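Subject: Structure handover

Hello,

Here is the structure we spoke about. Please open it first; my notes on what was found in it follow below.

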Amino acid sequence: MNETFLRLGFFFGILVLMLILEMLIPCRKDKHSVSVRRKFNNLVIVVLNTLILRFSLPIAAVSVAMWASANNIGLLSAFGISEWLKVIIALLVLDFAIYLQHVLFHYIPVLWRIHRTHHADMGFDVTTGLRFHPIEIMLSMLIKFAVIILIGAPVLAVIIFEIVLNATAMFNHSNIKLNKAFDRLLRIFVVTPDMHRVHHSTIARETNSNFGFNLPIWDKLFRTYIAQPRKAHTDMDIGLDNFKDRKQTQNILGILKIPFVETKRK
């Protein structure tokens, strides 16, 4: 229960902070990125996902970690290393798993159909980082369960990872303008909004880059990193070229239908 309140506290705290910063120091001022209706519909999808996940998968990632720990299941339980080293290793493995999952959701056609829901958002702001189709949310959770069991991730590592993943997803999708020098320094350690915004470009090469959510090291290591978009951050086209109908991509029913719409990938 305390873990739940802790995660919710961080979630709402970061969400409100990013919304305020987006008003004070926005990067993009296009009609889509500042649309209140679009933001509201994205947040409704978040609530819907939470309810679906709650009733379809009543156990949480932390519960899985507790079960694995209690039964000494997982690779880390086989090594006599300190708990803190286990936590660090688990955090790195979980982060790499999210990176790899993201790559697969781009290159496996059936998974891309689901993931299009996220990319079809025609604006780019903190709510974009929360906009995923319920099917993707469920698949992501099952993948996370599998990784936790496989490595025997400590409970503390899972709690930290869940909090950090939510926080960084909202931060690096936020429509805020950072000083260029500060951005270059910050993206050594964490994915920044300018870095991840490239990933939401309509240009295919840019869409298939910068897959990381927390650490930028995976993109640099596997050569999926692009430092800047072809166009300026304020002028680049956001979304997918084959999903430009606002009724199709910005209202709740349209968002839920995206995986089932027949289109050719551009």
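Some terms come first. On a 1 Å grid over the protein atoms alone, a pocket is an open set of points with protein on both sides within 12 Å along at least five of seven lines, while a cavity is a set of points where a 1.4 Å probe fits but cannot get out; lining residues have an atom within 4 Å of a point. Grid points are joined across faces, edges and corners, and a volume is the space filled by probe spheres set on the points.

The model is predicted: local features need pLDDT of at least 70 and side-chain atom pairs count only at pLDDT 80 or more, but totals for chains, interfaces and linings use all residues. Residues are numbered from 1 along each chain as its sequence is written, and side-chain values use heavy atoms, with hydrogens and water left out.

Pockets and cavity

The second largest pocket holds about 330 Å³ of space. It is lined by 14 residues, of which L178, K180, D194, Q228 and H233 are the closest to its centre. Helix α8 (residues 180-186) gives the largest share of this lining, 3 residues; helices here are DSSP runs (H or I, at least four residues), as strands are (E, at least two), numbered from the N terminus. Sorted by class, the lining of the second largest pocket has 7 charged, 4 nonpolar and 3 polar residues. For these classes, Ala, Val, Leu, Ile, Met, Phe, Trp, Tyr, Cys and Pro count as nonpolar, Asp, Glu, Lys and Arg as charged, and the others, Gly among them, as polar.

The largest pocket has about 1400 Å³ of space. Its lining has 39 residues, and R7, T50, L53, M141 and N166 are the closest to the centre. At least two lining residues come from each of α1 (2-24), α2 (36-56), α3 (61-70), α4 (83-107), α6 (134-151) and α7 (155-172). In this lining, 23 residues are nonpolar, 10 polar and 6 charged.

There is 1 cavity of 30 Å³ or more, and the space in the largest cavity is about 30 Å³. Its lining is made of L94, A97, I98, Q101, S140, I143, K144 and V147, with α4 and α6 each supplying at least two residues. By class, 5 of the residues lining the largest cavity are nonpolar, 2 polar and 1 charged.

Nonpolar core

A nonpolar core is a set of buried Ala, Val, Leu, Ile, Met, Phe, Trp, Tyr and Cys residues joined through side-chain atoms within 4.5 Å. Buried means under 20% relative accessible area, exposed over 50%, and partly exposed in between (1.4 Å probe, protein chains only). The largest core has 27 residues, and A61, A90, M141, I148, A153, V158 and F213 have the most contacts inside it. Helices α3, α4, α6 and α7 each supply at least two residues of this core, and α7 gives the most, with 7.

Aromatic rings

The structure has 7 aromatic pairs. Rings of Phe, Tyr and Trp (its six-membered ring) pair if their centres lie within 6.5 Å; planes under 30 degrees apart are stacked, over 60 edge-to-face and the rest tilted. One of the pairs, F11 with F12, is edge-to-face, at 5.1 Å centre to centre and 80° between the planes. F11 is buried at 16% relative accessibility, whereas F12 is partly exposed at 45%.

Y107 and F211 form a tilted pair, with 6.5 Å between centres and 50° between planes. Y107 is in helix α4 and F211 in the loop between α10 (204-207) and α11 (217-221), 104 residues apart, and the pair links these distant parts of the chain. Y107 is exposed at 52%, while F211 is buried at 0%.

K220 lies over the face of Y225, 5.2 Å from the ring centre; a charge counts as over a ring if NZ of Lys or CZ of Arg is within 6 Å of the ring centre and within 35 degrees of the ring normal.

Backbone

N72 is not a glycine, yet its phi is positive, about 50°. N72 lies in the loop between α3 and α4 and is exposed at 59% relative accessibility. R223 also has a positive phi, near 60°. R223 lies in the loop between α11 and α12 (246-249) and is exposed at 79%.

Regards
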